Amino acid sequence: LIHFYKSIRMAPIGPIVLSAGKKAALASLGLFTGVGGAIAYQLDQEVKADMTLHAPHLHWSHSGWFDSLDHASVRRGYQVYKQVCAACHSMRFLAYRNLVGVTHTEAEAKAEAEESQVMDGPNEEGEMFMRPGKLSDYFPKPFANDAAAAAANNGAIPPDLSFITLARHGGEDYVYHLLNGYCDPPAGIDLREGQHFNPYYPGGAIGMGPPIYNEIVEYEDGTPATQSQVAKDVCTFLTWAASPEHDMRKKIAIKCMMMYSLLLAGSYYLKRHKWSVIKSRKIVYTPKAISG
């Protein structure tokens, strides 16, 4: 029995030879499986049902690798937020000092801050008091707490907009289409009292009514305040609020690419210099002569 196993282990294993017909059959099977799987996947994606309409991509002026934000649009977007969005939505992570050098001068930012009243204290008598805002103050909240916000909005709490373009799938594309996507609900969709239909909102039913329309604001620079222009400006402002380092990040990227290009040229020269001896050498083996 031991010799039998040894003979099995020591038996040479030769290559498996397939006939031309079997090779053709296997090739056809693999081709059919691959093409059929690709077609089935494509059909599944085309007929796949989704309750949410995904926002199509828009070509923003700042979406390129080396494109900066449109600061005039950011300033107009701040005006839209101040006059429209700030009635319900907070931006508690943004201070008035962040506007300096971006959308406003220091004097303009101070004037914007002084328009709001901020609770401070205590004073010498130990009491809290109201004072005009300063550059170091953050944007005021429209509601004292979440309970007050929910009570004023039919139970829905308006989200904070400080990082909304980073917190939502689609970023500014989603916000833009959400602002412009209000329409009548299709047949079979029942909305509760105080709800509105927006196909870009998950589920379709949203508690926020259409917030913008034509000429809802009057721009300081005379830009026509169409609905699409207002939505574009406020989305640009929200993009800057979520990523205030946007322009600086791209400037640093350009500088890094210039430095890396110089380093790449030097590295290539050094590699050629150090490896030239090794790559060009010739090794000759001289067998040892066997003396007779």
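The model is a predicted one, in which local features need pLDDT of at least 70 and side-chain atom pairs count only at pLDDT 80 or more, while totals for chains, interfaces and linings use all residues. Residues are numbered from 1 along each chain as its sequence is written, and side-chain values use heavy atoms, with hydrogens and water left out.

Tryptophan 240 touches Leu69, Val74, Leu94, Asn98, Leu99 and Val102, leaving aside residues up to four places away in sequence; contact here means heavy atoms within 4.5 Å. Together with Met91, Phe139 and Phe237, Trp240 touches the most other members of the largest nonpolar core, a set of 38 residues. Such a core is made of buried Ala, Val, Leu, Ile, Met, Phe, Trp, Tyr and Cys residues joined through side-chain atoms within 4.5 Å. At least two core residues come from each of α3 (71-83), α4 (106-114), α7 (172-180) and α8 (227-242), and α8 gives the largest share, eight residues. Helices (H or I, at least four residues) and strands (E, at least two) are DSSP runs numbered from the N terminus. As a general point, nonpolar side chains in soluble globular proteins tend to be buried together.

Next come the aromatic rings. The whole structure holds eight aromatic pairs, where rings of Phe, Tyr and Trp (its six-membered ring) pair if their centres lie within 6.5 Å, and planes under 30 degrees apart count as stacked, over 60 as edge-to-face and the rest as tilted. Phenylalanine 237 and tryptophan 240 make a tilted pair, because their ring centres are 5.9 Å apart and their planes meet at 35 degrees. Both residues sit in helix α8, three residues apart, or about one turn of the helix. Phenylalanine 237 is buried too, at 0% relative accessibility. Ring pairs also tie Phe237 and Trp240 into a cluster with Tyr78, Tyr81, Tyr96 and Phe139.

Glycine 77 brings helix α3 into the picture, since that is where this residue is placed. Glycine 77 is buried, at 0% relative accessibility, and touches Asp233, Val234 and Phe237, again not counting residues up to four places away in sequence. Aspartate 233 has a charged partner as well: its side chain meets that of arginine 76 in a salt bridge (3.0 Å, N to O). This pair links distant parts of the chain, with aspartate 233 in helix α8 and arginine 76 in helix α3, 157 residues apart. Both aspartate 233 and arginine 76 are buried. Arginine 76 also lies over the face of tyrosine 219, 5.8 Å from the ring centre; the rule asks for NZ of Lys or CZ of Arg within 6 Å of the ring centre and within 35 degrees of the ring normal.

A search of the whole structure turns up twelve salt bridges, each a side-chain nitrogen of Lys or Arg within 4 Å of a carboxyl oxygen of Asp or Glu. Among them is the pair of arginine 131 and aspartate 137, at 2.9 Å from N to O. Arginine 131 is buried at 14% relative accessibility, and aspartate 137 is buried at 11%. Another joins arginine 249 to glutamate 245, at 2.8 Å from N to O. Here arginine 249 is partly exposed at 41%, as is glutamate 245 at 38%. Salt bridges with shared partners also connect Arg75, Glu108 and Glu220 into one network.

As for cysteines, the disulfide count is zero, taking a disulfide as a pair of cysteine sulfur atoms within 2.5 Å. Cysteine 183 has the sulfur of cysteine 235 as its nearest cysteine sulfur, 18 Å away. Cysteine 183 is partly exposed, at 38% relative accessibility, whereas cysteine 235 is buried, at 0%. The closest cysteine sulfur to that of cysteine 235 belongs to cysteine 85, and at 9.3 Å this is too far for a bond.

Most residues other than glycine have a negative phi, and most peptide bonds are trans. A cis peptide bond joins glycine 121 to proline 122, with omega at about 5 degrees, and proline 122 is in the loop between β1 (117-120) and β2 (129-132). Asparagine 154 has a positive phi, near 55 degrees. This asparagine 154 is in the loop between α5 (146-152) and α6 (164-167) and is exposed, at 66% relative accessibility. Glutamate 215 has a positive phi too, near 60 degrees; glutamate 215 lies in the loop between β4 (205-206) and α8, and is exposed with a relative accessible area of 54%.

Note on methods. Buried < 20%, exposed > 50% of the residue type's maximum accessible area, 1.4 Å probe, protein only.
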